[in-house]
Amino acid sequence: MARYGLMGGTFDPIHLGHLVTAEEARFQLRLDLVIFIPNRCPPHKDPSEVTDPEHRYLMTVLATATHPYFRVSREEIDRPGPSYTVDTIRAFRHRYPQDDLYYITGADAIGQILRGEWHRTEELLRMCEFIGASRPGYSIDRDLWQSSDIAREYRHRIHLLEIPALAISSTEIRRRVQEGRTIRYLVPEGVEQYILKHGLYNRTGRRG
Ligand code: ATP
Ligand code: MG
């Protein structure tokens with residue numbers, strides 16, 4: 001029986017915050033593999049604001065290629081319509097009926113889940129366990145954790161994880177590129193080169 005970590009996201013672009021979270025989850029929960037799952041159409045984001053899925057997929061591949069236990073899945077990239085995590089987890093459950101599945105998220109996503117904001121939240125919580133990583137700027141509301149109906153029923157399936165704090169977001173990376181500021185050491189070198197090569201996030205021309 002294997003233990004798989006699944007990390008969904010828009011990865012626009014993937015950055016060191018994602019990678020440190022995945023690695024720390026792999027280590028602390030003794031996961032055999034972490035599978036990154038870039039989405040096609042994130043239900044909570046404006047489609048005109050999201051970069052072409054193939055660019056986001058390739059940057060995720062570049063960022064993870066040298067790690068022996070990281071993989072990237074096209075499950076959501078190849079599925080038309082809104083990328084609901086519940087559909088993805090159902091597909092992985094079907095593929096790996098006997099294995100342990102852990103869905104890796106940051107504290108912002110855990111807050112949304114505890115408030116029932118994800119599509120078919122309870123079905124999702126029944127299908128796999130969750131890892132909620134600490135993330136600078138977000139904390140899990142104590143009242144929500146203690147007393148919301150969803151938390152009371154499912155919090156034993158949500159593993160809270162302290163990770164080295166990296167106050168990095170894809171939004172900040174995109175803003176930096178637009179403003180011509182450096183993103184070196186915030187994303188893997190290959191991802192930085194890919195962004196420059198394809199002129200991603202750059203409406204005004206980049207300096208330095
Ligand atoms: P955006 O600013 O575009 O929303 P993001 O940095 O939040 O991008 P996402 O692709 O939205 O990245 O996030 C995917 C997952 O990674 C989410 O579960 C999110 O909580 C988690 N995550 C992102 N950045 C960090 C970070 N710095 N530390 C911990 N978790 C993170
Ligand atoms: Mg986000």
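Tyrosine 185 is found in the loop between H8 and helix H9 (189-198). The model is predicted. Phi of tyrosine 185 is near 75°, a positive value in a residue other than glycine. Most residues other than glycine have a negative phi. With a relative accessibility of 68%, tyrosine 185 counts as exposed; the cut-off for that class is over 50%.

Tyrosine 201 also has a positive phi, about 65°, and is not a glycine. This tyrosine sits in the segment after H9. The relative accessible area of tyrosine 201 is 11%, so the residue is buried; the limit for buried is under 20%.

A cis peptide bond joins aspartate 12 and proline 13, with omega about 0°. Most peptide bonds are trans.

Strand S1 spans residues 3-9. Seven of its seven residues are buried, so the strand is largely enclosed by the rest of the structure. In a regular strand the side chains alternate between the two faces of the sheet. On S1, Arg3, Gly5, Met7 and Gly9 point one way. Tyr4, Leu6 and Gly8 point the other way. Residues of both sets are buried.

S1 pairs with two strands, S4 and S2. Strand S4 comprises residues 100-106 and runs parallel to S1, with four bridges between them. Glycine 5 has tyrosine 102 of S4 as its bridge partner. Strand S2 covers residues 33-38 and is also parallel to S1, here over six bridges. Within S2, isoleucine 37 is the bridge partner of glycine 8. Between S1 and S2 the chain passes through helix H1 (residues 16-28), and this β-α-β crossover is right-handed.

S2 is enclosed as well. Six of the six residues of S2 are buried, so the strand is largely enclosed by the rest of the structure. One side carries Leu33, Ile35 and Ile37, and the other carries Val34, Phe36 and Pro38. Both faces are covered. S2 and S3 run parallel and are joined by three bridges. Isoleucine 35 stands opposite arginine 71 in S3. The chain reaches S3 from S2 through H2, in a β-α-β crossover that is right-handed.

Helix H2 contains arginine 56. The relative accessible area of arginine 56 is 0%, so this residue is buried. Arginine 56 and asparagine 39 are 17 residues apart along the chain, and their C-alpha atoms are separated by 8.8 Å.

Two prolines mark the loops on either side of S3. Proline 68 is found in the loop between helix H2 (53-64) and strand S3 (70-72). At 54% relative accessibility, proline 68 counts as exposed. Proline 80 lies in the loop between S3 and helix H3 (85-95). Its relative accessible area is 68%, so proline 80 is exposed. Proline 80 and leucine 19 are 61 residues apart in sequence and 27 Å apart in space, C-alpha to C-alpha.

Ligand 1 is surrounded by 22 residues. The closest are His15, Asp108, Leu166, Ser170 and Thr171. The shell divides into five nonpolar, 13 polar and four charged residues. Several elements contribute to this shell. S1, H1, S4, helix H4 (107-114) and helix H8 (170-178) each supply at least two of its residues.

A polar side-chain atom of aspartate 108 lies 2.5 Å from an oxygen atom of the ligand. For histidine 15, an N or O atom of the side chain is 2.9 Å from a ligand oxygen. Phenylalanine 11 takes part through its backbone, with a polar atom 3.1 Å from an oxygen of ligand 1. Taken alone, ligand 1 exposes 600 Å², and the protein buries 90% of that.

Note on methods. Residues numbered from 1 in each chain as written. Chains lettered and ligands numbered in written order. Predicted model: local features only at pLDDT ≥ 70, side-chain atom pairs only at ≥ 80, totals over all residues. Heavy atoms only, no water. Buried < 20%, exposed > 50% of the residue type's maximum accessible area, 1.4 Å probe, protein only. Pairing = 2+ DSSP bridges. Right-handed = clockwise from strand over helix to strand, strands pointing away. Near = heavy atom within 4 Å. Polar contact = N/O pair within 3.5 Å; in protein donor to acceptor, adjacent residues only side chain to side chain. Areas by Shrake-Rupley, 256 points an atom, 1.4 Å probe, with all protein chains shown as cover. Nonpolar A, V, L, I, M, F, W, Y, C, P; charged D, E, K, R; others polar.
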